[in-house]
Amino acid sequence: MGVAKQLYQLQEFDLEIESSERALSRIVSQLGESEAVVRVQNQLQLEEQRLEELRHKQRSAEWEIDDLETRVTAAEETLFSGKVKNPKELTNLQHEVEALKAKRDHLEEKALEIMDQVEQSETSVARISNELETLKAEWQRQQKQLSDEMERLKAVLSDLKQKWQLLSEEIEPQAVEFYQELRKEKGTAVVRVEQGICRGCRISLPTTDLQRARGGNVVQCSSCGRILFLA
Ligand SMILES: [Zn+2]
């Protein structure tokens, strides 16, 4: 096999290595936390906190209602016990009972509103929890796919690098070095020649260059400087 052909094959390996490395880094960037999961997790945390506060408010209101109830009962007992005879005192006591009852009624209305809010919040918590579970399951499935693909690409890359190494050992080091410099400089170091034309710059090559290249030597295109490969 001529050196030009070997370098061409080396370049084929390099191109495959590059595209596999690009694919691998794309995958690595997709691995890790999911923004959607984090967002819904935060949402759930906020709603759970709100529910906790509402339940606390509900309990406070219930205690206050109980307390008012006790005070109404006590005041009414005094009122109907017949112990208070003074009409002014009786009127005062009656007013006190009415005020306590009004306060209790108002609080009961408020307690009902809070209960409504608690129910709504409980529904929200359940809905967001479900959404989170679905998102997490989807995310885990994706991560599994990505890490499988990552493993596959790593194996492909290690195989390609081994092939590259083996082939490069068959070529004289100076030629490999020259190829690598040219690749760094031009991107494509070795180009095919088709119908006497350099595929790198589309120039018609002189017959002498073609003859030398046909012999398998490292011949550079006189126009673009790339190594010519005649299949
Ligand atoms: Zn050229």
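Modeller: Before we start, contact here means heavy atoms within 4.5 Å. This is also a predicted model.

Biologist: Good to know! With that in mind, which residues does Leu7 touch, leaving out those up to four places away in sequence?

Modeller: Leu7 touches Ile171, Ala175, Val176, Tyr179, Val190, Val218 and Ile227. Leu7 is also among the residues with the most contacts inside the largest nonpolar core, which has 25 residues. Others in that group include Trp164, Ile171 and Tyr179.

Biologist: Which elements give two or more residues to this core?

Modeller: They are helix 1 (3–30), helix 3 (87–170), helix 4 (173–186) and strand 3 (227–229). Helix 1 gives the most, with nine residues. There is a second, separate core of 17 residues, with Val37, Val40, Leu44 and Leu68 among them.

Biologist: On to the metal. What are the protein donors of the zinc ion?

Modeller: The SG atoms of Cys198, Cys201, Cys221 and Cys224, at 2.3 to 2.4 Å from the zinc ion. Along the chain, the donors follow the spacing C-x2-C-x19-C-x2-C.

Biologist: What makes the arrangement of the four donor atoms tetrahedral?

Modeller: The angles. Four donors count as tetrahedral if all angles lie between 85 and 135 degrees. Around the zinc ion the donor atoms subtend angles of 104 to 114 degrees, so the arrangement is tetrahedral.

Biologist: How do you know whether Cys221 and Cys224 are buried or exposed?

Modeller: Buried means under 20% relative accessible area. Cys221 has 3%, so Cys221 is buried. Cys224 has 12%, so Cys224 is buried as well.

Biologist: What makes the pair of Arg199 and Glu194 a polar contact?

Modeller: A polar contact needs a pair of N or O atoms within 3.5 Å, one able to donate a hydrogen and the other to accept it. The side chains of Arg199 and Glu194 are joined at 3.3 Å, so the distance passes.

Key:
Residues numbered from 1 in each chain as written. Predicted model: local features only at pLDDT ≥ 70, side-chain atom pairs only at ≥ 80, totals over all residues. Heavy atoms only, no water. Donors = N, O, S within 2.8 Å, 3.2 Å for Na, K, Ca; no water. Tetrahedral: all angles 85-135°; square planar, octahedral: opposite > 155°, others 65-115°. Buried < 20%, exposed > 50% of the residue type's maximum accessible area, 1.4 Å probe, protein only. Core = buried A, V, L, I, M, F, W, Y, C linked by side-chain atoms within 4.5 Å. Helix = DSSP H or I, 4+ residues; strand = E, 2+ residues; numbered from the N terminus.
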